[in-house]
Amino acid sequence: MNKAERQAALAKIINQKSISTQEELLSELKNAGIDATQATISRDIREMRVVKAQDGTGTVRYTLFRGDSESELERLGNSVREVGLSITRVEFMNIIKTIPSNGNLLAAILDTIDFPQVVGTLAGHDTIVVISPDVASAEWFNKQYKNNFIE
């Protein structure tokens, strides 16, 4: 497993579960089939700007730092401009090509945003399949982001 895949998995776990210690994080990664050392996770936490913050219930947990007032949508747009090569709509899906080693990271960002037009994503090394509930939703998604790609 490469760094990008590990960090994408780490982001997904942090976004979906209340994790408050590195031991819990290592355990969740192991449950997901990812072997990593505490030192590696510490570096990932630093690089990804993961911080501890209180959630709505008062529990202190890891979260991705969203500083500099960049919204998730702005972050997605910036990431698409940085690593996205092309987007092609096929019926109710969009196929996104990225520069190598960035498919999983861009998909992780997409997965954190609750688009009603996106049912889910499948990611690989440099390709993401964005699945929409219908053709109209796929067209909307394609039109929203088509101008951000290098193409």
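**View 1. Asn148 is buried, at a relative accessible area of 18%.** Here, buried means under 20% relative accessible area, exposed means over 50%, and partly exposed lies in between, computed with a 1.4 Å probe and protein chains only. The model is a predicted one, in which local features need pLDDT of at least 70 and side-chain atom pairs count only at pLDDT 80 or more, while totals for chains, interfaces and linings use all residues. Residues are numbered from 1 along each chain as its sequence is written, and side-chain values use heavy atoms, with hydrogens and water left out. You will find Asn148 in the segment after H6. Helices (H or I, at least four residues) and strands (E, at least two) are DSSP runs, numbered from the N terminus. The side chains of Asn148 and Arg81 are joined by a polar contact of 2.9 Å. A polar contact is a pair of N or O atoms within 3.5 Å; within protein, one must be able to donate a hydrogen and the other to accept it, and residues adjacent in sequence count only if both atoms are side-chain atoms. Setting aside neighbours within four places in sequence, Asn148 is in contact with Gly77, Val80 and Arg81. Contact means heavy atoms within 4.5 Å.

**View 2. Helix H4 spans residues 72-83.** From its first C-alpha to its last, this helix of twelve residues reaches 16 Å, close to the 16 Å expected at 1.5 Å a residue. The expected span is 1.5 Å times one less than the number of residues. Which residues of H4 are buried? They are Leu76, Gly77, Ser79, Val80 and Val83. These residues cover an arc of only 165 degrees around the axis, which puts them on the same side of H4. The arc is that of the directions from the helix axis to the C-beta atoms. The buried residues of H4 pack against strand E3 (84-90), strand E4 (93-98), helix H5 (103-112) and helix H6 (135-145). Glu72 also lies in H4, and this residue is partly exposed, with a relative accessible area of 28%. Between the C-alpha atoms of Glu72 and Gly84, twelve residues apart along the chain, the separation is 16 Å.

**View 3. Four strands form an open sheet in the order E3-E4-E6-E5, with antiparallel pairing.** Two strands pair if DSSP finds at least two bridges between them. At the edges are E3 and strand E5 (120-123), each of which pairs on one side only. On average, neighbouring strands of this sheet are turned by 20 degrees against each other, direction ignored. H4 packs on the sheet and touches E3 and E4, and the direction of H4 makes about 105 degrees with that of E3. Axes are lines fitted to C-alpha atoms, for helices over the stretch in contact, and angles run from 0 to 180 degrees between N-to-C directions.

**View 4. Strand E6 (residues 127-131) runs antiparallel to E4, joined to that strand by five bridges.** Look for Ile95, whose bridge partner in E6 is Val129. E5 and E6 also pair in the antiparallel sense, over four bridges. There, Gly120 has Ile131 in E6 as its bridge partner. A hairpin through three residues joins E5 to E6.

**View 5. Strands E1 (residues 50-54) and E2 (residues 60-64) run antiparallel, joined by five bridges.** Opposite Val51 stands Thr63 in E2. The two strands form a hairpin with five residues between them, and Gly58 in the turn has a positive phi of about 90 degrees.

**View 6. Glu91 has a positive phi of about 55 degrees although it is not a glycine.** For background, most residues other than glycine have a negative phi. Is Glu91 buried or exposed? Glu91 is exposed, with a relative accessible area of 54%, and lies in the loop between E3 and E4. Ser101, again not a glycine, has a positive phi of about 75 degrees. This serine sits in the loop between E4 and H5, and at 33% relative accessibility Ser101 counts as partly exposed.

**View 7. Ser42 belongs to helix H3 (residues 38-47).** Ser42 is buried, with a relative accessible area of 17%. The side chains of Ser42 and Gln38 are joined by a polar contact of 2.8 Å.
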